[in-house]
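Trainee: I'd like to learn how to read a model like this one, feature by feature. Can we go through it together?

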Amino acid sequence: MSKANKIEWSNIDGALPKPKRLHLEKDDVDGLYHCPIEPSEHDGFQSQRGCRKHVNNKHGWFLYFDEKPRVHLKLAPNSSKVQTKSSAASSTDDDLSSTRSKPGARLMPSFSPSGEIGEQLTTWLTGSGGGYKKARPAQQIVSRCLKFLKFCCEEEEEELSFDVIDFSLCSPSLLFKFIDCLQEECKLGHGGRLGYIDAISELIDFRKVNGASDGVLRKLSATELYIKRARKTVAKMMRLQWTQDLDVESLEARGHWASMEELLEVVSFHLPRYEQTVKTCQNDPGRVSPSDLTFATQFLATYLFIKVKGSRPMTYQYLTVEMVKEAKANGGFIDQKTFKTAGKYGFDSVILTETSMQILDGYIHFVRPLLKPRCDFVLVTENGSQHSKLGNEMSKLVFDAIGKYVHPTRYRQIVETQSLHALNDKEHRVLSEDQKHCSVVAKVHYQKRRSREVAVKAHECLQKLQGTKGSEVDMEVNTRFGSSSHSSSTATFEPAIECARSENTRPNIDTPPRSNRLLSQGPQRRPLRFTTHEDDLLKKGIDKHGFGRWTAILRDPDFGFQKGRLADSLKKRAELRFLPNEKP
């Protein structure tokens, strides 16, 4: 939960005057610190600091209350004026924030899903009538429906009934107020609101098959019309935002786009440290630090995305050791069906080369055992559990190497758009199908490219239609406005026409330099790259002050680092630049 939407529990009525002090003790069984709130979504923590941080971020109410209070969203105090240092890092996904559920929606009051009607709705969704949905999507739909019903009947304290459902679904004004509340108060994006609209549509179907009266059925027909119009409106708003935010030039200006060559540099940049980590794990496991083990997992995930296949993170998340063993005797093929598009494609096949097998073997045989895995999955966390945030790991390593924010979804978009220029139509379709990704960025790119082609051809046709008289008018305009303006307009307009006209004939279109694009969009913040001189200064600073004294190194008057350099950047650079055996 971001601090911008975090509830200040200390300001809620009934809160303790001072926060509780957490007394944490290690579990004798697994030697970990466990969250005091049951049931907990985390398996355990290796340090008290990690456990305290988890309680502060996820269960802040526990410090001021014995039981979690039910707070209405409109009355909940928040710290919207607080700004965090992680605001720059959170910009990795600011172009997708409109489609991600916000904490405000999760805090909305709701009827209990364990009630009779809640269980009936869940059973219906997972059965033949509701489309055989899986348990998790069904629970999400039920949760959204119950929040909508509670919004419409907030004063209803008794158990949910069909009368409450009929009143809520047959009130168009309440429906539109709920959708507006999701946008204005909960700050929910377009995709999130579409999810709630679809959930309400499922609720209407559920009510129809449970004996609704004729009068209710007539009103539900009108509600379905309103639902259809609301869905079209939100979808239109989503497309408009996509066109604005997901344009390739806009992404490049914000540092969210990179070429294939730059992404391959990420592997080369981190490969020496990974090699050294694997060797240390093999020869002297006692010298390996937890940060090196975490880095090895991050590198392997990034390598799989960039060099093996730009697949969905879930594909590699559920990759098991047994699958890798079977792939060696199966030509390198791994076939999976645990991913979001399984209903359309059935399987997601990955092929591993000998080089990829070498990378995987080094991790499985030497690095993974030191993480003490408690599951069969290849990629595990420092606690030995399944690693789920693979997209974040790739974003970190890419930014450390090239200073840009690129996650797996963005990488698939880069592959799809660049394949349009470098491959023929058949190869492009095959690669796009293998990515299993319908890229909105690519659609915007194709539409813009096609629009320019049409504009150039239409311009030529218009000149042909106007004939000799059109040429005479052009000559008259040029004569009256002077030679200086004529030369400047020709210099800017004619090359643009020629560039667009030859777009179909070139196999690969070189995008203009990023610096040229930024001139027309105002000053932009760029990553502060380390120079060779700064690397030398950092090495001398470590020798003088010691490894870990980053603030002292930065403030030392003998070292002249670039303006704007932070102590945290020195720390990251030192961890990446200097191998563990070189640390003092």
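Trainee: Let's start with the rings: how many aromatic pairs does the count come to?
Mentor: Keep in mind that this is a predicted model. The count comes to 14 aromatic pairs. A ring pair is described by two things, the distance of the centres and the angle of the planes. Take Trp61 and Phe62: their centres are 5.9 Å apart with 85° between the planes, and that pair is edge-to-face.

Trainee: Are Trp61 and Phe62 buried or exposed?
Mentor: Trp61 is buried, at 11% relative accessible area. Phe62 counts as buried too, because its relative accessibility is 17% and the cut-off for buried is under 20%. Rings can also link up: Phe148, Phe151, Phe178 and Tyr196 are joined into a cluster by ring pairs.

Trainee: Let me step back to the overall picture. What does the secondary structure come to?
Mentor: You're looking at 24 helices and two strands. The protein has 584 residues, and 40% of them count as buried. Its accessible surface is about 33,800 Å², with 51% of that belonging to carbon and sulfur atoms. As for contacts with a separation of 6 or more, 66% are between residues 24 or more positions apart.

Trainee: How do I read one helix, then? Which residues of α24 are buried?
Mentor: The general idea is that an α-helix has 3.6 residues a turn, so residues three or four places apart point the same way. In α24, which runs over residues 567-577, the buried ones are Leu570, Arg573, Ala574 and Leu576. They sit on the same side of α24, because they cover an arc of only 165° around the axis.

Trainee: And what do those buried residues of α24 pack against?
Mentor: Their neighbours are four helices: α10 (260-283), α16 (390-402), α22 (532-545) and α23 (550-555).

Trainee: Now charges. How many salt bridges does a search of the whole structure find?
Mentor: The idea here is that side chains of opposite charge can pair when their charged atoms come close. The search finds 13 salt bridges. One of them joins the side chains of Glu202 and Lys133, at 3.2 Å from N to O. This pair links distant parts of the chain, with Glu202 in helix α7 and Lys133 in the loop between α3 and α4, 69 residues apart. Glu202 counts as buried at 19% relative accessibility, while Lys133, at 23%, is partly exposed.

Trainee: What about Asp361: which residue does it form a salt bridge with?
Mentor: Its partner is Lys328, and the closest N and O atoms are 3.0 Å apart. Asp361 is in helix α15 and Lys328 in helix α13 (residues 321-328), so the bridge ties together parts 33 residues apart in sequence. Lys328 is partly exposed, with 47% relative accessible area.

Trainee: How far apart are the closest N and O atoms of Lys544 and Asp556?
Mentor: They are 2.9 Å apart, in a salt bridge. Lys544 lies in helix α22 and Asp556 in the loop between α23 and α24, so parts twelve residues apart in sequence are tied together. Lys544 is partly exposed, at 49% relative accessible area, whereas Asp556 is buried, at 6%. There's a network here too: salt bridges that share partners join Lys544, Asp556 and Asp558.

Trainee: How should I read a positive phi, say at Lys187?
Mentor: Most residues other than glycine have a negative phi. Lys187 isn't a glycine, yet its phi is positive, about 55°. You'll find Lys187 in the loop between α6 (172-184) and α7 (190-208). Lys372 is another non-glycine with a positive phi, about 50°. Lys372 sits in the loop between α15 and α16 and counts as exposed, with 67% relative accessibility.

Trainee: Last one, the surface. Which residues form a nonpolar patch there?
Mentor: Val473, Val477 and Phe481 do, and together they have about 280 Å² of accessible area. Val473 belongs to helix α19, residues 440-480. At 38% relative accessibility, Val473 counts as partly exposed.

Conventions:
Residues are numbered from 1 along each chain as its sequence is written. This is a predicted model: local features need pLDDT of at least 70, side-chain atom pairs count only at pLDDT 80 or more; totals for chains, interfaces and linings use all residues. Side-chain values use heavy atoms; hydrogens and water are left out. Patches are made of residues with over 30% relative accessible area and no salt bridge: like charges are joined within 9 Å, nonpolar side chains (Val, Leu, Ile, Met, Phe, Trp, Tyr) within 5 Å. Accessible areas come from the Shrake-Rupley method with a 1.4 Å probe; for residues, only the protein chains shown count as cover. A salt bridge is a side-chain nitrogen of Lys or Arg within 4 Å of a carboxyl oxygen of Asp or Glu. Buried means under 20% relative accessible area, exposed over 50%, partly exposed in between (1.4 Å probe, protein chains only). Contact means heavy atoms within 4.5 Å. The arc is that of the directions from the helix axis to the C-beta atoms. Rings of Phe, Tyr and Trp (its six-membered ring) pair if their centres lie within 6.5 Å; planes under 30 degrees apart count as stacked, over 60 as edge-to-face and the rest as tilted.
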